[in-house]
Every structure is written in structure tokens, then in C-alpha cells.
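Subject: Structure handover

Hello,

Here is the structure for you to look over. My notes follow below it.

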Amino acid sequence: VEPGGTPPPAPAPSPRFKEELLCPICYDPFREAVTLCCGHNFCKACVSRSWAHQPRHACPVCKEEVSSLDDLRVNHTLNNLVEMLLREESRRGAQAGPALCALHGQEAKLFCQEDKELVCPACQASKPHEGHKVRPVGETAKDYRAKWRNMENSLRDKVKDFGAVRRSYESISKHNQVEVARLEGQIREEFEKLHEFLRGEEKAVLSELQEEARCKRGLIEGKIKKLSEDSDALLHEVNQLQADLKEDDLSFLRKHKNRKRRIACTAEEPEAIPPGMLVDVPKFLGSLQYNVWKKMLDIITVVPFSFDPNSAAGWLSVSSNLTSVTNGSYKLLVDNPERFSSAPCILGSQGFSKGSHVWEVDLGGLTNWRVGVAKERSGRRWNFHHDARSGFWYIYRLQGADNEMCRASNSARSETVLRDLKRIRVELDCDEGELSFYDADHKSHIYTFHEHFSGEVFPYFYVGNLMPDTPPGSLRICPLRIRIKEDLPL
């Protein structure tokens, strides 16, 4: 440096050095840099976000497991280097004049496409950039601006997508609040019915106990009254005998015959206490809970599964006990991935993957329906095509002249003429890969699928409209017949 001269500008940091100061997650300079036990560095906020929804914490780069958040050690040296770099770049940006090449001091008018950095004409001819494609700064900036403008539009579209998903979550949250309030009321009503039944049974048992006590008390009081009367008679005879003993001999002997007959009638032994005078305790307490429970079976309905209202399309209305469904006017429902949107379909609440299962469906006068099973949803939404190739196995019937015949989702036609079909019996054998349908009233076979049901399948239903000017029909899951088998003690 010549006396009185200005020192040359410090060389700019190399691109590789700058890359070492970028977070591998956000690709921005480190903010609150932390070091994991494996030696990799990240922004504290970035690594914390990446672990927010993960069951186990691991390094985002090498996947080495991290025991806890306490293993995040603040890297003060790295933070200081980032601060120095940002300060230097800020200072350089504030200086007026063209950007100069750090190696040759010439104006950097070119941009190297391979190294992604500004270069001067001398750099272009140098060995580090030999054979690289270089373009003028203006042209490159114009092209890059166009690309990043497209990226900006793409990011704005993504922001809209994120906003739409967020609004869906907010809608689901509001729906859940309303649904929880409704369910709380309905659950209380159901338990109140049980409580009312139990209170009625309790009242009946206590009333029967009081009647038993009244009968026993009346019986005992009658016995006591008779014993009192007999005791009084005996005491009267004792008094009479005492008077007779004081009479003279002639008078005493004259009454002897009558006295003997009189005493013979009054001197019998008291009646022994008969059995059954105590309250019958086992009659009231023996298996009390079990006996009441058996009576409770008469007031409850048991079904093999319920309809899942979260899968019901907007046309369908599910009953409060979740056992019947009706096709009506379309309602705008909360948007969730389980819900059918292209057809009035609904699933059962329980899935099956092994064993044998049987259920019956009451068609409720419908002439446009589908009954069968469907595979678990594989994508974000249900497929528009509900056929055997898409994982839907069912039989169906359509309104029209050909509605006496039943078809299957694999395009097969049933050979059975259905006529007045009211109830369908479905038999699913997951292990054998068979799905059979029967006319439950006439006990006749309709159709059988022979398929390998891989994974879980759910009961599947399509509820079509009735003919015009007819009341809406309900497709209903038939209740189970409950049989109690009492066996030997364990």
C-alpha cells in the first residue's frame, strides 16, 4: 500500500465457503446454529420443526439417532462466522460502483453457468473456468428472473393450496365441536334409557320383596294370634282346675268325666313351625345382575356393525342409532377423505381381514341399490369407478324393465330371478376368499365372488332413489338374534 493510498478491498469469500455456512434444511445462512452429536449443523428452528411430528429424532442428513433435544449444542463459532459474512456482504452491497472480480480486479460482466458465480473476462480464460458456459450478466439475470418469477407464481399457488387445506382443517375442527356436543347429548339419552330400565327393574324387585315381606308378616301374625288364643284357653283351663281342686269330694268327682273330656280338647301340643317362614333371599339376590341383564336384551338392538356416517355421501342421511340410511336431498358436508363424493354410497364401520362374517340387509323397498364389500381406500380420495378391478365386490339392481335380474360388479349376471327381494344375506369368508349373497327370506343363492381379498374390506352400500312420488326408503342393517348359552362353571 502506497503512503496515503487506499487499501485494496478484502477478497470476497469463496462460493464453497459460503455453502458451508448454509443450513442443509432451509439453504439459508445459519440462524442460531446448533451441532448434533454426529457433527452436522442446522438452524435450531429448522431441526426442531423437522422433528415435530416424528416419533424418533434423527439427523436429517446422516439419519443417526439423537436421544433428546438436549443434544443440540449451540455452535458459537459458526454463528460468529455467519454474522461476519452477512456483515461483509452488507458492507460490499452498500459500496457504489460495479462489482469487481476478487482475483483480477476487473469488472465482473459475465456469469458462469457451471459454478453459478460472477466472473470477469480474465476468469473466463483461466483454468478454473475452462470449458464452462459463460453468459453476460444482463442476459443471465433476465432468464433467471423469468424462472424465479414462475417459481414465485408456483409458490403462490402452493400458498393457496395450503390455505385450502388449512380451511378444511378448520371446517373439520368446527364439525368436530358440533358433533361432540351432539354425541354427548345422544350418549346421555342412551344411558338414561338404560338407567330408566334399571330403575324400573329395581322398583319391580323391591316391590316384589315388599309383597313377599307382607305375605310372610301376615302368615306369622296369624300363627301368633292362634298361639295366643290357644294359650288363653289353656290358662282358662288352669284357672278352672284350680277352682275344681278346692271343691268337696262329691262335687269334684261328679265333674270328673266332663273335666277329662274338656282337658283332652285343650291340652294338644302347639303346632311346629312349618318351613318357608323366612324371606326367600336367593329369590331376590341370586344372580340378580345376570337376570336383569337377560331382561335388558329385550330392549336393546345389536347389529354386526354400524353405518359409518363419516363415509356417507351428501345425499345420504344416517339414523341416530346408525343402523339405517336414506337417500334424500343433497347436503354440503365437511370435506374429509373417507367420504364418498361421486355417488350415494356409504361404508360399514367395521373392517374384516380374516375369519367368517355374516350380516343381513333389509332393502326397505328400494329397487336401486348395491350391497357388498370394498377394499380400504388407497389414495387421498375414493375412486370414481366402483367395480371389482377397483376393489369393490357387490351385487346391484337398477330401476327399469330389467330389474328382475341382479348383476355383479365384475359384470357377471345372476342366474336367479329375484322377484320380490326384501332382505339380502351376505356371507364373507376372508380365509377362503369367498363372498356370497342369498335371498334371506327364500333362502336361495344369488351370486358368489371367488376373490383373494388382500388386506381389510368394509361392508359397502349404494342407496339409490325410489320411483317419483313415493316415500323415501331406508336401507337397514338387520339386528342379530342373541342366544345365551349357559355352560358348566369354569
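Leaving aside neighbours within four places in sequence, Ser349 is in contact (heavy atoms within 4.5 Å) with Phe305, Ser306, Asp308 and Phe458. Phe305 is 44 residues away in sequence, yet the C-alpha atoms of Ser349 and Phe305 are 6.0 Å apart. Ser349 sits in the loop between strand S9 (345–347) and strand S10 (356–362). Helices (H or I, at least four residues) and strands (E, at least two) are DSSP runs, numbered from the N terminus. Ser349 is partly exposed because its relative accessibility is 42%; buried means under 20% relative accessible area, exposed over 50%, partly exposed in between (1.4 Å probe, protein chains only).

Two notes on the basis. This is a predicted model: local features need pLDDT of at least 70, side-chain atom pairs count only at pLDDT 80 or more, and totals for chains, interfaces and linings use all residues. Residues are numbered from 1 along each chain as its sequence is written, and side-chain values use heavy atoms, with hydrogens and water left out.

Salt bridges next. A salt bridge is a side-chain nitrogen of Lys or Arg within 4 Å of a carboxyl oxygen of Asp or Glu. The structure has 23 of these salt bridges.

- Arg182 pairs with Glu179, closest N and O atoms 2.7 Å apart. Both lie in helix H5 (residues 137–245), three residues apart, about one turn of the helix. Arg182 is partly exposed at 42%, as is Glu179 at 24%.
- Glu201 and Lys295 form a salt bridge at 3.4 Å, N to O. Glu201 is in helix H5 and Lys295 in helix H9 (residues 288–296), so the pair ties together parts 94 residues apart in sequence. Glu201 is buried at 14%; Lys295 is partly exposed at 45%.
- Arg476 and Asp362 form a salt bridge at 3.0 Å, N to O. This pair links distant parts of the chain: Arg476 is in strand S18 (residues 474–477) and Asp362 in strand S10, 114 residues apart. Arg476 is partly exposed at 32%.
- Glu360, Arg423, Arg425, Glu427 and Asp441 are linked in a salt-bridge network.

Finally, a sheet. Three strands form an open antiparallel sheet, ordered S2-S1-S3; strands pair if DSSP finds at least two bridges between them. S2 (41–43) and S3 (73–74) are the edge strands, each with a single partner, so one side of each has no neighbour in the sheet. Two bridges join S1 (residues 33–35) to S3. Val34 has Val74 in S3 as its bridge partner.

Best wishes
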